[in-house]
Amino acid sequence: MKAITKVIGKRAKVDASELELEEKLITIDRVTKVVKGGRRLHFRALVTVGDGKGHVGVGLARATGVPEAIRKAGAVARKELIEVPLVNTTISHEVLAKFGASRILLKPAAFGTGMVANNTVRAVLELAGIKDIISKSLGSCNKVNVVKATILALASLKKPKEANFEAQKDEGNEAE
């Protein structure tokens, strides 16, 4: 299976004002920029927001203070919301996505399996409303790239009817 590197087609914009969103902080990092006068200290926050019903977004922002960085990252995440097609408590099909040197593999799981994922991926999947899934993080373990690869994988998921149609079309081609 080839890794997805960008979302094909257009994504529909989701209006965050109509949803009851929950916010989760993934990581805060202290970053410095060296300038002529010395070092400039900033904080970088990675935040994910979601409603647990198929909507999730991720935001990354920098600021001089921690609370300001978290607030800005939350605002960015609300603007970047995507809709995830769910099948009961899992996803419709297997997907492999790549962002930078990080790759993430998401596989649907049977009801009651639970979530087999690392903490970074788990935060995104929980807020998306996925309860049964198996995931594997491959390549780099950079949290920012892993989260962006996860969002890319979720954004590239097809709705269940579309996925079945694609599978039937592939089977028809093999029979010929």
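Modeller: This is a predicted model: local features need pLDDT of at least 70, side-chain atom pairs count only at pLDDT 80 or more, and totals for chains, interfaces and linings use all residues. Residues are numbered from 1 along each chain as its sequence is written, and side-chain values use heavy atoms, without hydrogens and water.

Colleague: At what angle do the axes of helix 2 and helix 3 cross?

Modeller: Helices are DSSP runs of H or I, at least four residues, and strands are runs of E, at least two, numbered from the N terminus. Axes are lines fitted to C-alpha atoms, for helices over the stretch in contact, with angles from 0 to 180 degrees between N-to-C directions. Helix 2 (residues 119-128) and helix 3 (residues 143-155) have axes that come within 9 Å and cross at roughly 40°.

Colleague: Which residues of helix 2 make the contact?

Modeller: Contact means heavy atoms within 4.5 Å. Helix 3 brings K143, V146, V147, T150, I151 and L154, and helix 2 brings T120, V121, V124 and L125.

Colleague: Which are the edge strands?

Modeller: Two strands pair if DSSP finds at least two bridges between them. Four strands form an open sheet, ordered 1-2-3-4, with antiparallel pairing. Each edge strand pairs on one side only: strand 1 (22-35) and strand 4 (82-83).

Colleague: Which residue is the bridge partner of G50?

Modeller: Strand 2 (residues 38-50) and strand 3 (residues 55-63) pair in the antiparallel sense over eight bridges. In strand 3, the partner of G50 is V56.
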